[in-house]
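Subject: Structure handover and findings

Hi,

Here is the structure for you to pick up. Please load it before reading on.

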Amino acid sequence: MENKASIPVPVHLPEDIVPLVPMRNLVLFPHVLMPITVGRRPSLAALRQAIAAKTPVGIVLQKDAAVDEPGFDELCTVGTLASVMREVAASEGQVHAVCQGLQRYRLRELVPGHDFLAGRIERIEEPAQPSTEAEALGMQLRERAVEILSLLPGVPAELAHALQATRAPSQLADITASLMDVELAEKQMLLELLSPEERLHKVLELLTHRIEVLRLSQEIGERTKEQLQDRERKFILREQLKTIQKELGENGEHEPEMEKLEQAIAKAGMPIDTEAHVRKELQRLRRMAGGGGETGPLQTWIEWMTELPWTVPESAPIDLAAARATLEADHFGLDRVKRRVLEFLAVKKLNPQGRAPILCFVGPPGVGKTSLGQSIARALQRPFVRVSLGGLHDEAEMRGHRRTYVGALPGNIVQGLRKAGARDCVMMLDEVDKMTASYQGDPSAALLEVLDPEQNSTFRDNYLGVPFDLSRVVFIATANRMDTVSPPVRDRMEVIELPGYTQEEKIEIAHRYLLHRQLDANGLQAAQCELDDDVLQALAAGYTREAGVRQLEREIARVLRWAATRVAQGDATAVNVQAADLDEILGPAPFEQEVALRTALPGVATGLAWTPAGGDILFIEATRVAGSGRLILTGQLGEVMKESAQAALTLVKSMASELKVPATAFDAVDVHLHVPAGAIPKDGPSAGVAMFIALASLFGNRAVRHDAAMTGEISLRGLVLPVGGVKEKVLAAQRAGIGLVLLPARNRKDVRDVPESTRAAMQFVWLDNVQDALHSVFGNVTALQTRPRFELM
């Protein structure tokens with residue numbers, strides 16, 4: 001209902017003063033009919049003044065919509081004079097009015113003294129005749145306006161006709177601007193553009209942008225509609241399929257599993273090609289509907305694909321100080337190995353995406369190869385997984401079986417990745433030296449692709465059937481010896497040797513790690529059982545003969561189990577084990593210092609050997625019996641060792657005069673050379689010096705020093721040639737109680753790897769030729785200054 005009774009008596013105002021109605025969120029353009037809502041008391045009074053006086057009202061936009069009583073600074077300077085066509089009262093004291101925009105004005109100042117907001121204005125006239133540019137812009141604007149109306153849904157046809165009928169370019173710009181869905185600031189900017197050409201340019205620019213947005217939105221809407229229609233069609237088809245299955249007695253109990261698999265595929269983060277392949281296989285599984293023998297293997301394959309770590313998590317920063325502390329806490333000694341591991345981590349820190357070398361820890365059992373890999377994983381803050389390759393003889397165990405086989409599974413590499421749950425894990429390839437080739441293939445050949453940084457980014461497991469990126473995996477290998485590793489595999493790894501421990505190191509390791517671990521394993525507190533250094537010394541010397549500490553830990557466990565039994569029975573609250581108690585607890589010591597007993601007679605010398613379990617000593621025993629001059633060799637000697645024995649005998653015969661051995665001593669006798677233990681195969685050239693000394697001792701009837709051990713290859717000229725495994729051999733000599741070690745002079749540089757405590761406790765003799773060995777082991781031999789004579793035998 002129109003509100004006419006409340007119109008007040010009008011106030012007479014000059015022509016340049018008009019009542020103002022500030023608007024919070026509306027811009028009125030000239031030539032535009034628009035409803036407004038007024039609720040503030042001054043605005044209501046201004047509206048009624050305009051109605052009563054039949055004069056225009058000034059519609060102006062506030063700069064800040066939150067201001068209730070705006071002043072001159074809070075109002076825009078350009079507004080629109082409007083004629084109030086109609087007024088309708090609304091609820092809560094508001095009034096709705098329909099206003100017709102007339103022309104622009106510029107607000108000069110506010111005029112006080114009225115109960116409404118009044119302002120002095122300057123009317124802005126439009127050009128009487130539009131320019132040619134304005135007419136051209138108007139024609140283009142009219143076309144664009146009609147185009148945008150065609151893109152908007154629900155627009156009445158009359159609006160398009162009205163725009164077509166509007167001929168004045170300035171008027172067309174104002175009407176189009178009022179219809180556009182743009183920000184208030186942009187509309188006010190258009191209102192303040194007084195030049196028709198500039199206004200037409202700006203409206204045309206905004207309209208063109210809006211048309212592009214609407215077109216894109218329409219395209220998106222059409223695509224979305226197509227997708228929704230496709231989903232609806234699939235949903236209807238699935239419902240029909242369920243109904244058919246229900247009629248056939250197949251009630252679709254597998255559908256929840258299919259949905260779970262589909263969700264797992266979406267979350268797995270596979271590459272695009274791989275995900276498309278898996279989804280295709282899932283659709284094939286759906287069509288099987290729980291029937292057929294291929295359903296189970298296909299579902300298992302899809303589950304494997306969804307459970308693999310396809311995405312790479314964000315790597316944690318590497319803290320070298322923490323890594324160094326971790327290595328020191330987990331391992332005693334091994335300074336060179338720790339330094340190389342820290343270098344490896346430092347390169348990883350500076351170049352996380354780089355291709356770091358693949359480390360291979362080589363050493364006897366029990367020296368800490370696996371635990372070093374675990375320490376590297378902790379330093380990198382990555383998961384650790386161990387893949388055992390010992391005894392592997394089938395290539396499919398490395399690369400996986402094809403899905404066509406019954407019970408097919410991925411290879412050990414992919415299985416390890418699934419177990420680790422991360423694509424950037426630390427994977428330890430344990431016992432790479434114990435893989436063997438067979439008629440089923442060579443697993444070391446499959447390992448080449450895994451270890452090659454140029455190829456492992458597209459590693460293809462036969463079971464998966466799709467490429468998998470292994471480039472972010474940190475591979476670490478372990479081996480007891482390298483001579484059984486194929487050369488191509490060895491070429492792809494950086495070998496780091498871990499030698500055995502000295503007796504002092506074993507005791508320190510027992511104090512730091514083994515004792516505490518076994519106390520916890522046997523349920524004992526530190527105060528309930530004490531083992532002093534004498535006990536550990538006796539265990540290491542008499543009950544173990546190894547390079548590592550595994551047997552030592554087992555013997556400590558046996559002692560602690562004996563103590564735990566006494567504590568559990570209530571015989572004692574605390575047990576203090578002494579070295580004298582070991583015979584009762586463990587029985588007689590299996591190892592004793594037998595060097596002095598074995599070498600007390602002529603014809604016996606102590607040699608040093610390298611084994612995969614570390615260094616060891618061996619005794620060379622020689623004797624002669626009546627015969628025809630044969631050389632008899634026993635003890636499972638290899639071909640190289642047999643040749644060393646023959647060379648040693650020939651050299652002794654050529655030096656008979658210098659050894660004060662009569663020439664007739666070699667007539668009608670057979671020489672028997674034996675190397676215990678006979679059940680263990682032996683080979684290598686490093687026993688040449690020991691064989692020569694044993695034969696020289698036999699024919700010279702002189703006993704060799706019981707505290708001397710030797711190693712070195714000999715030539716027929718009497719030269720002593722260098723050998724390998726010096727550190728392991730020296731440590732074995734120390735374990736056996738040897739005080740004098742004879743080494744080739746060209747191996748002097750290798751002694752730097754021997755711990756300082758071992759070097760200080762032992763005496764070394766450097767051999768250039770066999771005369772140096774004779775001087776050292778026969779204390780009662782006179783000096784031999786001449787070179788050996790060579791005679792044809």
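Below are the findings, grouped by topic.

**Ground rules**

This is a predicted model: local features need pLDDT of at least 70, side-chain atom pairs count only at pLDDT 80 or more, and totals for chains, interfaces and linings use all residues. Residues are numbered from 1 along each chain as its sequence is written, and side-chain values use heavy atoms, with hydrogens and water left out.

**Strands around β1**

Helices (H or I, at least four residues) and strands (E, at least two) are DSSP runs, numbered from the N terminus. Buried means under 20% relative accessible area, exposed over 50%, and partly exposed in between, with a 1.4 Å probe and protein chains only. Two strands pair if DSSP finds at least two bridges between them.

Start with strand β1 (residues 17–23). 7 of its 7 residues are buried, so β1 is largely enclosed by the rest of the structure. β1 pairs with strand β6 (residues 118–124) in the antiparallel sense, over 3 bridges. Val18 stands opposite Gly119 there. β1 also pairs with strand β3 (residues 57–61), this time parallel, over 4 bridges. Pro22 faces Val60 in β3.

The pairing carries on from β3. Strand β4 (residues 78–89) runs antiparallel to β3, joined by 3 bridges. Val57 is opposite Ala82 in β4. Next, β4 pairs with strand β5 (residues 95–111), antiparallel, over 11 bridges. Ser83 has Gln100 in β5 as its bridge partner. β4 and β5 form a hairpin with 5 residues between them. Glu92, in the turn, has a positive phi of about 60 degrees.

**Cores and a buried helix**

A nonpolar core is a set of buried Ala, Val, Leu, Ile, Met, Phe, Trp, Tyr and Cys residues joined through side-chain atoms within 4.5 Å. The largest one has 62 residues. Ile36, Ile59 and Leu141 have the most contacts inside it. Contact means heavy atoms within 4.5 Å. Not counting residues up to four places away in sequence, Ile36 touches Met23, Leu26, Ile59, Val95, His96, Ala97 and Cys99.

Helix α4 (residues 169–179) has 9 of its 11 residues buried, so α4 is largely enclosed by the rest of the structure. Among the buried ones are Leu172, Asp174 and Ile175.

**Rings and charges**

Rings of Phe, Tyr and Trp (its six-membered ring) pair if their centres lie within 6.5 Å; planes under 30 degrees apart count as stacked, over 60 as edge-to-face and the rest as tilted. The count is 3 aromatic pairs. In one of them, Trp310 and Phe468 have ring centres 4.8 Å apart and planes at 55 degrees, so the pair is tilted. This pair links distant parts of the chain, 158 residues apart. Trp310 is in the loop between α9 (295–307) and α10 (320–330), and Phe468 is in strand β11 (residues 467–468). Trp310 is buried at 6% relative accessibility, and Phe468 is buried at 3%. Phe764 and Trp766 have centres 6.0 Å apart and planes at 10 degrees, so that pair is stacked. Phe764 is buried, at 18%.

A charge sits over a ring if NZ of Lys or CZ of Arg is within 6 Å of the ring centre and within 35 degrees of the ring normal. Arg403 lies over the face of Trp301, 4.2 Å from the ring centre. Arg702 has its charged end over the ring of Phe778, 5.4 Å from the centre.

**Cysteines**

A disulfide is a pair of cysteine sulfur atoms within 2.5 Å. The structure holds 0 disulfides. For Cys76, the closest cysteine sulfur is in Cys99, 17 Å away, too far for a bond. Cys76 is buried at 8% relative accessible area, and Cys529 is buried at 5%.

Glu497 lies in strand β13 (residues 493–497). Glu497 is exposed, at 56% relative accessibility. Beyond four places in sequence, Glu497 touches Val337 and Val362.

Ile620 lies in strand β17 (residues 614–626). Ile620 is buried, at 0%. Beyond four places in sequence, its contacts include Gly603, Leu673, Val675 and Met691.

Best wishes
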